[in-house]
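Have the viewer open as you read.

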Amino acid sequence: MSKHPWFKPRHYLHFDIPVSKKAAEEYILNPENVKKHAFYPFLNFTVVSPKYKRDPSTGLMTKDHPKKRPISYAAHLDSQIYSYYSYVLKEKYEELLNWHGLGSNIIAFRTLRESNIDFAKRAFDIIKGFGECDVYGLDVSKFFDTMDHQHLKKMWEKVMGVEKLPDDHYAVYKAITTYSIVQKEALFEKLNISEHNPKNGRIQICSIEDFRNIVRKSKLISQKAKVGIPQGSPMSAILSNMYMLSFDLSIKNLTDEFGGHYFRYCDDILIIVPPGTADVESFAIGEIEKIKLSIQTAKSLKPKFRYTDDGILKCDKDLQYLGFMFDGVSPWLRPASLAKYSSKVNKGLKLAKWTMVKANGKREQRGEPQKDLFKKLIYKRYSYLGRRNFITYGLKAAKAMESSRIKKQLKPLWKRLQRKIDSLV
């Protein structure tokens with residue numbers, strides 16, 4: 001194992017230049033440097049992801065309002081500082097999880113060598129073994145954007161086992177909570193940097209002088225609200241887990257009392273309890289409000305699993321968890337995931353055709369023979385012939401969960417892909 005596993009080379013364009021491992025170690029391992037360090041603003045951009053929902057009148061999947069997620073990434077040295085303190089906190093946090101018996105309950109952002117397939121299968125197997133039970137699928141509203149800074153500081157101190165944060169930790173805490181951002185698109189426009197080829201010989205976005213005289217004076221820097229932390233920093237994951245520690249303990253104590261089970265994947269909460277257990281949702285809402293967050297009640301799922309007259313475990317409303325659906329008998333892939341896959345295929349094929357036409361145009365000018373659509377990359381991205389794509393993930397899930405239903409969902413996709421490819425040539 002590396003002496004400093006927290007260090008990760010980063011080569012993106014930012015306000016400072018990339019920092020070497022040796023330079024990062026010499027600077028960051030001296031708490032006095034971190035204590036006085038001046039952090040740059042985060043660069044911010046928005047990731048737009050398509051969403052799909054089933055039309056109740058037709059039963060077909062249709063496009064919903066896209067999901068917009070702001071992503072912020074830190075300057076190079078800042079990022080290495082966040083990475084180091086994340087590493088320190090993770091070790092302390094893992095010790096606390098083991099102490100409180102929460103190791104199997106918190107399943108996101110930890111080195112568990114398992115995937116969502118394993119987590120979902122475990123939950124579904126528990127329900128099957130449990131038999132009749134009530135399940136609560138709850139979702140925290142605007143998790144990263146609404147974290148209370150004082151509660152975060154309290155949990156930071158708890159994880160560190162101190163009454164007051166050391167000066168270097170406090171400096172990092174202040175940087176990640178009172179951070180500022182610069183919108184990348186507006187910055188690139190101001191500095192005449194191409195979005196398509198931003199580096200173009202550059203090693204940093206601008207000099208320190210230009211940062212002061214152009215970026216600052218153009219009022220491109222904005223201060224974030226007094227709640228929340230940035231999504232995308234090397235600390236975001238561990239801080240989100242630390243923040244929920246008191247909530248996790250309360251829900252685990254409740255489920256243990258009734259012989260139930262509790263899992264949390266970031267802001268995705270799953271609770272399994274015997275039928276007739278006291279109102280778990282109200283309890284969870286009360287506990288989440290104690291840490292200044294809220295549950296999206298409109299998105300809450302509360303399926304009840306009961307045996308039918310012929311002894312089959314079924315639920316009154318299908319459970320949705322980590323990209324899978326479950327009715328008590330067999331899991332299957334979310335229809336929205338299939339719709340998203342089809343959308344990606346369509347976009348990918350359009351791009352492949354455009355690339356082929358453009359390349360053949362140049363070949364024609366040079367008097368060279370035309371070439372067919374480059375299918376190898378298409379198959380790699382969108383079929384079982386690839387290694388890491390939606391289809392291979394689904395096949396892995398079908399095998400792990402012994403689900404013929406997932407296989408049935410995936411079976412027609414190969415022929416559909418072939419038909420779409422044929423329609424392009």
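Arg-113 counts as exposed, because its relative accessibility is 81% (exposed means over 50% relative accessible area, buried under 20%, partly exposed in between, with a 1.4 Å probe and protein chains only). Bear in mind that this is a predicted model, where local features need pLDDT of at least 70 and side-chain atom pairs count only at pLDDT 80 or more, while totals for chains, interfaces and linings use all residues. Residues are numbered from 1 along each chain as its sequence is written, and side-chain values use heavy atoms, with hydrogens and water left out.

Arg-113 sits in the loop between helix H3 (76-100) and helix H4 (116-130); helices are DSSP runs of H or I with at least four residues, strands are E runs of at least two, and both are numbered from the N terminus. Its phi is positive, near 55°, though Arg-113 isn't a glycine. Most residues other than glycine have a negative phi. Cys-266 also has a positive phi, about 55°, without being a glycine. Cys-266 belongs to the loop between strand S6 (261-265) and strand S7 (268-273), and counts as buried, at 8% relative accessibility.

Asp-327 falls between strand S11 (324-326) and strand S12 (331-333), and is buried, with a relative accessible area of 7%. What does the side chain of Asp-327 reach at 2.9 Å? That would be the backbone nitrogen of Val-329. The Asp-327 side chain also makes a polar contact with the side chain of Lys-314, at 3.3 Å (a polar contact is a pair of N or O atoms within 3.5 Å; within protein, one must be able to donate a hydrogen and the other to accept it, and residues adjacent in sequence count only if both atoms are side-chain atoms). Setting aside neighbours within four places in sequence, the residues in contact with Asp-327 (heavy atoms within 4.5 Å) include Phe-305, Trp-332 and Arg-405.

Over in helix H12 (residues 335-365) there's Leu-349, which counts as buried at 4% relative accessibility. Not counting residues up to four places away in sequence, Leu-349 touches Ile-378, Lys-420, Ile-421 and Leu-424. Glu-95 is 254 residues from Leu-349 in sequence, and their C-alpha atoms are 48 Å apart.

Next, two helix pairs. Axes here are lines fitted to C-alpha atoms, for helices over the stretch in contact, and angles run from 0 to 180 degrees between N-to-C directions.

| Helix pair | Axes | Angle |
|---|---|---|
| H10 (residues 245-257) and H11 (residues 280-290) | within 10 Å | roughly 160° |
| H3 and H9 (residues 236-243) | 9 Å apart | about 35° |

The angle of roughly 160° between H10 and H11 makes H10 roughly antiparallel to H11 (over 145 degrees; under 35 is roughly parallel, 65 to 115 roughly perpendicular and the rest oblique). H10 passes H11 in a right-handed crossing, whereas the crossing of H3 and H9 is left-handed. A crossing is left-handed if the near helix is turned anticlockwise from the far one by less than a right angle, and right-handed if clockwise.

On the H3 side, Ser-86, Leu-89, Lys-90 and Tyr-93 meet Ile-238, Leu-239, Asn-241 and Met-242 in H9. By class, that contact splits into 5 nonpolar, 2 polar and 1 charged residues (Ala, Val, Leu, Ile, Met, Phe, Trp, Tyr, Cys and Pro count as nonpolar, Asp, Glu, Lys and Arg as charged, and the others, Gly among them, as polar).
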